[in-house]
Amino acid sequence: MTSRAQSASLEDKIYGCQRINNSEAASLFDWRLTALGRAADFRRRAVVPEQHVGFILDRIINFTNVCRAECAFCAYHARAGRVAAYRLSTDDICARVQELAEAGGTQVMLQGGLDPEYGLNDYLEMVKAVKTRFPDIWLHSFSPAEIVHMAEQSGKSIDAVIMALKDAGLDSVPGASDLLVDRIRDKVSPRKLSAAQWCDVMEGLHAHGMKSSATMTYGMGETIAERMEHLDTVRRVQDRTGIIQAFIPWSFSPAQTRMPDISAADGIDYLKTVAISRIYLDNVEHIQAGWLTEGLKPAQIALAMGADDMGGVLMEETVVKATGVRRTAHMEQFIDLIRNTGRAAVQRDSQYRIIKRF
Ligand code: SF4
């Protein structure tokens, strides 16, 4: 078959809402941005026909930056002489949750480094303290890496840790997945969980009826085939579990990390990655535009290229800020920016139910 015929049949598959394979998805990186964006927007309308864009009022509370993993791509963890160590007390955490609740926020993401001083009980006490004082706040917290850390610290299985967290009041877990390619993980985060362990955590969440998400940090020296390997793992896990509510691709920010020689991915790469994620991940309902790492304007364009959600209007964020990328957004900015795409802005909760229309 000629490449023109191949491209035509791929177009038929996409507009016929059929599943595409890895090599077909990889070939989409060669498509013109406009054609790719149109195809991804078509697929977005097929999955999310409502003409609105959601956002959530939330707060990320990074409660410790002490981390035994010391990933090369991370500017956040404490490093002697460069970034001072801190740990937040339970009172500090609850005071921050109180501010969020007073501002009308609905979701808290507690996330920290893999701190050797934290045992499973410390995490359970943190969850209980927040849920006892703020039962209406949704705790979408920790990460697969932290769950594996809790299992290692306590000598319990991943399954037992998830059950204990759920019993303590944890509602869901963001599926922070970096890049699920062991060649890259061995280079940049050898002490963090493996791709197989990430899958184990997702299966464990599924067994306990908990929802999650998945992310992709691309631009860390991977090939397009390896990027597809990541998307393939996410799609397979979702086929088995159905727990991934949203997928959030974002580009790696090399500043302040131990990978300064890597050039940051550009805006075209970001938009193509969003569009291909929408087309390839036919079993994930929501694709989020990553305004925090990419900026508000590229995120706004992503809404026309497959994304249907803006994620959180964050009250606090420390991890991306540590790379020197400082972005803030107000709810009014979100609403205007969404309206200018021709769609309506809605505030949603953690289960993607609409709380308020604008
Ligand atoms: S990315 Fe997470 S696990 Fe890796 S060093 Fe940073 S805080 Fe630790």
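Reader: Why is Phe73 counted as buried?

Author: Phe73 has 12% relative accessibility. Buried means under 20%. The value falls below that cut-off, so Phe73 counts as buried. Keep in mind that this is a predicted model.

Reader: Where is Phe73 placed?

Author: Phe73 sits in a loop. That loop runs between strand S1 (52-62) and helix H4 (90-102).

Reader: Which residues does Phe73 touch, leaving out those up to four places away in sequence?

Author: Asp178, Val188, Ser189, Lys192, Met220, Phe252, Thr257 and Met259. A contact here means heavy atoms within 4.5 Å.

Reader: What annotation covers Phe73?

Author: An unreviewed UniProt entry carries the annotation "binding site", and it covers Phe73. Such annotations may be inferred rather than shown by experiment.

Reader: Now the whole protein. How many helices and strands does the protein have?

Author: The protein has 14 helices and 9 strands.

Reader: What makes the protein as compact as a globular protein of that length?

Author: Compare two values. The radius of gyration is 20 Å. The globule rule gives 21 Å for 358 residues.

Reader: What share of the residues count as buried?

Author: Of the 358 residues, 56% do.

Reader: What share of contacts between residues at least 6 apart in sequence join residues at least 24 apart?

Author: In this protein, 76% of those contacts do.

Reader: How many side chains are positive, and how many negative?

Author: There are 42 positive and 45 negative side chains. The centres of the two sets lie 4 Å apart.

Notes. Residues are numbered from 1 along each chain as its sequence is written. This is a predicted model: local features need pLDDT of at least 70, side-chain atom pairs count only at pLDDT 80 or more; totals for chains, interfaces and linings use all residues. Side-chain values use heavy atoms; hydrogens and water are left out. Helices (H or I, at least four residues) and strands (E, at least two) are DSSP runs, numbered from the N terminus. The radius of gyration is taken over C-alpha atoms; the globule rule is 2.2 Å times the number of residues to the power 0.38. Buried means under 20% relative accessible area, exposed over 50%, partly exposed in between (1.4 Å probe, protein chains only). Lys and Arg count as positive and Asp and Glu as negative; His and the chain ends are not counted. The place of a charge is taken as NZ of Lys, CZ of Arg, CG of Asp or CD of Glu.
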